[in-house]
Amino acid sequence: MNSFVKLLLSKTSFPLYINSLRNPDNPDTEITERNVHTRDEDQIDEFIEKHNIPGKGVFFCVGMFPKEKKRAKDNVVEVPLVHLDVDAKDLSISLEDVREILKKAKLPPSIIVSSGRGIHYRDWE
């Protein structure tokens with residue numbers, strides 16, 4: 001099990017919503033979104049292994065919501081981490097400069113994730 005996913009599950013009591021989407025710059029990859037909404041570690045591992053392939057990305061929803069509800073901000077019942085999404089298209093500085101700024105913040109990130117078109121800053125402790 002991915003250590004980040006394991007930590008995330010330890011901070012919440014609701015299922016984790018993970019989806020797989022085609023990378024926008026890869027028109028040859030299947031368009032259909034695939035997803036899993038579960039706490040079952042084996043299901044999560046299988047999903048990530050199957051869908052984390054060239055041309056696609058695997059993403060998780062930062063807001064937790066009950067299994068019987070659809071993914072929508074009004075249904076979020078837990079947010080187990082602080083999340084900041086920085087899109088490169090909105091910047092006047094480089095992503096590397098953003099990384100350095102975040103690392104020097106009063107609350108430095110526990111993890112910085114490259115999303116392909118930007119970076120995500122996440123801290124939960």
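This is a short tour of selected residues in a predicted model.

Residues are numbered from 1 along each chain as its sequence is written. Local features need pLDDT of at least 70, and side-chain atom pairs count only at pLDDT 80 or more, while side-chain values use heavy atoms, leaving out hydrogens and water.

**Stop one: the rings.** Select Tyr17 and Phe65. The structure holds one aromatic pair. The ring centres of Tyr17 and Phe65 are 5.7 Å apart and the planes stand at 45°, so the pair is tilted. (Rings of Phe, Tyr and Trp, its six-membered ring, pair with centres within 6.5 Å; planes under 30 degrees apart are stacked, over 60 edge-to-face, the rest tilted.) Tyr17 sits in strand S1 (residues 16–22), and Phe65 in the loop between strand S3 (56–60) and strand S4 (82–87), 48 residues apart. Strands are DSSP runs of E, at least two residues; helices are runs of H or I, at least four.

Now check the cover. Tyr17 is buried, at 10% relative accessible area. Phe65 is buried too, at 2%. (Buried means under 20%, exposed over 50%, partly exposed in between, with a 1.4 Å probe and protein chains only.)

**Stop two: Leu102.** Go to helix H3 (residues 95–103), where Leu102 is found. Leu102 counts as buried, with 12% relative accessibility.

**Stop three: Glu49.** Move to helix H2 (residues 41–51), which holds Glu49. Is Glu49 buried or exposed? At 68% relative accessibility, Glu49 counts as exposed.
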